[in-house]
Amino acid sequence: MSHLAAARIAVLPELVKNQIAAGEVIERPASAVKELIENSLDAGATRIEIDLAEGGVALVRVRDDGSGMGGADLELAFASHATSKLREVADLEHIATLGFRGEALASIGSVARVKLFSRARGAILGAQLENEGGRIGALREAGGPEGTTIELRDLFFNTPARRRFLKTTATELGRCIDVIQRLALANPGVGFVATHEGRRLFDVEREMNLQERVRRTFGSELAQALVAVEARDGTLRLSGFVAPPRLARNDSARQMWFLNARPLRDKLLTRVLKDAYRGFLVDGRQPVAFLSLSIDPAAVDVNVHPAKAEVRFRDERRLFGFLVHHLREAVRATDMSTPGESLLASAERRGAWAPAPAAANAPTLAWSSAPAAARAEAAPIVVRESAGGAPVNLRATSAACEPLGASPLFQVARTYIVRALDDGFEILDQHALHERITFEGLKRELDRGAIESQRFLVPEIVELSRAQVALAEEHAGALERLGLVVAPFGPAAVAVHGVPARARRVDPVGLVRDVIELIEQRGVAPSSEKLLEEVLHRTACRSSVMAGDELSESEMRALLAQGAGIESDQTCVHARPTRVRFSLADLEKAFHRR
Ligand code: ADP
Ligand code: MG
């Protein structure tokens, strides 16, 4: 068959295969750090040291006190698809280790200069093996501590295209730290020490629990504000902490999920948190939470992503419901008021009042020289740590659970209610609070069937476009369930015969326009779950004209009592806080008493 051309397809040599695989597994120094720490954890280490140079590009060294490897295993460790964690296909059904693909060391060895030393527990001597971009050296006996040390230098020295994709040293280092901190938070029981060019970056001791690790990593303001979650459903266990909505951020760097001690980013879990904070958080802000799930390994598939960052759950719906329910309860228990302390800090930033120059070692000096943005984050930590080492509790009691009692109340500018507390005072926004109460009331009525409407003697006429009139007519039944009774009135107007009874002094024209526009924009029926919430928001907003109302003391008391009776009176329906609280500690600080 001489007319057949020679084969153009060839099986790739091992090194090329490994370099291609490395593209998926090892994208940057942080991915090497992750794979190496995971190996140490799989080996049962209780202490892991990580040393870095030039953001991990020049050096990543990971040393552990785990099980170690014998000489024969050392040679196999660099081969691709060589693993001690998996034997047969069925094992993929219940993976309990972090690694299992047997690809990391082969990939790393193909794109860096690697030195691997290991001494198995109880062995007299260890062994050492080098791998320079796929060229494996000779196995040699060597002395050293029990456990494993892997040293990786000049990442991507032989794949310059990949090296060009690396970012600045600071960026790469930041990613390495993020990986280390996530793994450290996920693994209480294991000590971590990380350095960069000899400088200590981060450490946690073996005995520290999750909350202590959060404190060490992100400071005591956050750690102190956390509310614990703990729930169980069969073999599924949820535990961890959620932070109050006011500590939410623009990024999700402090949103961590751990599944069987594996840190992961998962769309389902992100949605769970979004739902748990619904109504308490302004759109676009990311809640802060540290949550750990333990699930029977057979109920989750971790083999869907080369970096193992995503997983697939077997019974998603049930999991979702369970998680949202318990997390929402914990979120509601957080303190949602704006701490007066943060107002003082922002007043100080604006120069409204400046702290008097205090003694040379006074904490205020530590932040008056810092840039404004950094100060907001750093100030509370600096201040607290220097207060004699003892953490200062800025809000000893949560007014959310404080009885209304007979504490004096008064009104400021017909807009704010000031209320004395045992350990300070709080200022409430009467409009925001009333809006929340109206909203919750409407929601309850709707849950029971329909919102009661108040009929007008003379209908109000609202002019609309013809298309809008048609929409109003089409959805008249659903609108009536929402307490809005409308009927066409000629070709370009509707007559409003009734509005929600609970919505006192509502502006019917504005409300009908809002609702019709919502249906128009969203293109969904007003009975859809999402639209309902929005319609209720508008109704509450349009009818809560309480800013500017003079209230008697008994009216104020009634408003607060109503607030105490609903799911949460700490934020308005737009998720803005309804109150600001000043503790005695805040006042003492403002008056330079401390
Ligand atoms: P995987 O972790 O998927 O098995 P790796 O390429 O990361 O694949 O590692 C290959 C094998 O080398 C592991 O299965 C394990 O037996 C061994 N190994 C790697 N790192 C260590 C370590 N730090 N301590 C003990 N054994 C290790
Ligand atoms: Mg591994």
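Here are some notes on this predicted model, starting with the ligand and moving on to the strands.

1. Ground rules. Because this is a predicted model, local features need pLDDT of at least 70 and side-chain atom pairs count only at pLDDT 80 or more, while totals for chains, interfaces and linings use all residues. Residues are numbered from 1 along each chain as its sequence is written, chains are lettered from A and ligands numbered from 1 in the order in which they are written, and side-chain values use heavy atoms, with hydrogens and water left out.

2. Who sits around ligand 1? There are 19 residues around ligand 1, and Asn39, Thr83, Ser84, Lys85 and Gly102 come nearest (a residue is near if one of its heavy atoms lies within 4 Å). The shell splits into 7 nonpolar, 8 polar and 4 charged residues.

3. Polar contacts of the ligand. Look for N or O pairs within 3.5 Å. An oxygen atom of ligand 1 is 2.5 Å from a side-chain N or O atom of Ser84. Nitrogen atoms of the ligand also take part: one is 2.9 Å from such an atom in Asp64, and for Thr148 the distance is 3.2 Å. On its own, ligand 1 exposes 530 Å², and the protein buries 92% of that (areas by the Shrake-Rupley method with a 1.4 Å probe). Helix H2 (29-42) and helix H4 (104-111) are the elements giving two or more residues to the shell; helices are DSSP runs of H or I with at least four residues, and strands are runs of E with at least two, numbered from the N terminus.

4. Strand S22 (residues 485-488) pairs with strand S23 (residues 493-500) in the antiparallel sense over 4 bridges (pairing takes at least two DSSP bridges). Ala487 stands opposite Ala495 in S23. Between the two strands are 4 residues, and Gly490 in the turn has a positive phi of about 75°.

5. An open sheet. Its 5 strands run in the order S17-S24-S20-S19-S18, with mixed pairing. Which strands stand at the edges? They are S17 (338-339) and S18 (409-412); each has a single partner strand, so one side of each lacks a neighbour in the sheet. S18 is joined to S19 (residues 416-421) by 4 bridges, and the two run antiparallel. Gln411 has Ile417 in S19 as its bridge partner.

Key:
A polar contact is a pair of N or O atoms within 3.5 Å; within protein, one must be able to donate a hydrogen and the other to accept it, and residues adjacent in sequence count only if both atoms are side-chain atoms. Ala, Val, Leu, Ile, Met, Phe, Trp, Tyr, Cys and Pro count as nonpolar, Asp, Glu, Lys and Arg as charged, and the others, Gly among them, as polar.
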